[in-house]
Amino acid sequence: GDPALQGWKARGCTAKVRDGILRLTNMGDACFLGFAAGKHGGPSVARFRIKAKAGVSHFDWLPGGAGGEARRGSFTLRGGDWEEITVELPATGPLGIVRLYLPMQEQSVEIDWIELVSKAADKTTRTEF
C-alpha cells in the first residue's frame with residue numbers, strides 16, 4: 001500500500017495525498033477507504049473532515065474481518081465545502097475492519113483527517129493526511 005495513506009486502503013477509486021489532503025478520484029459505485037481497526041472495539045465513533053458533493057453514504061465495520069457481515073452507520077453530506085462528520089458505531093465487540101464509503105461523483109472527494117475513538121477501550125486512532 002501507499003505509505004502516504006498511513007494504513008488506509010483505497011478500493012474502487014484512486015487515492016493521492018498532496019499538501020496534507022487525501023484526494024480521491026475515478027470513483028466507482030463502491031468506492032471506500034478501508035482500515036484494520038483490530039485494537040478498537042465496543043461503542044465507537046468515527047469522525048472525519050471531508051469536502052464532497054451532497055449525498056448520503058455510510059461507515060461500516062466488519063467485526064469478523066473482510067469475509068464477515070458488515071454493520072453500518074449512515075451519514076449525510078451537505079456538500080460544497082469542508083464539513084466534519086461524526087458517525088456513531090454501536091459495536092458490541094471488536095470493530096475488525098472499518099470502511100468509509102464515499103458517494104459516487106465525478107469531481108474529486110477530499111479528506112483532511114479521519115479519527116476512530118473507542119469509548120470503552122479508551123483508544124483513539126487519528127490519521128492526519
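Predicted model: local features only at pLDDT ≥ 70, side-chain atom pairs only at ≥ 80, totals over all residues.

Trainee: Which order do the five strands of the open sheet follow?

Mentor: In general, strands of a sheet pair through backbone hydrogen bonds, either parallel or antiparallel. Strands here are DSSP runs (E, at least two residues), numbered from the N terminus, and two of them pair if DSSP finds at least two bridges between them. This open sheet runs 1-4-9-6-7, with antiparallel pairing. Strand 1 (9-11) and strand 7 are its edges, each pairing on one side only. Inside the sheet, strand 4 and strand 9 share five bridges, and Leu33 sits opposite Leu100 in strand 9.

Trainee: What does strand 5 pair with?

Mentor: Strand 5 (residues 41-51) runs antiparallel to strand 8 (residues 83-94), with nine bridges; there, Arg49 has Glu84 as its bridge partner. Eight bridges link strand 5 to strand 10 (residues 109-118), also antiparallel, and Arg47 is partnered by Glu115.

Trainee: How many residues are in the largest nonpolar core?

Mentor: A nonpolar core is a set of buried (under 20% relative accessible area, 1.4 Å probe, protein chains only) Ala, Val, Leu, Ile, Met, Phe, Trp, Tyr and Cys residues joined through side-chain atoms within 4.5 Å. The largest one has 33 residues, and Leu24, Phe59 and Ile111 have the most contacts inside it.

Note on methods
Residues numbered from 1 in each chain as written. Heavy atoms only, no water. Helix = DSSP H or I, 4+ residues; strand = E, 2+ residues; numbered from the N terminus. Buried < 20%, exposed > 50% of the residue type's maximum accessible area, 1.4 Å probe, protein only.
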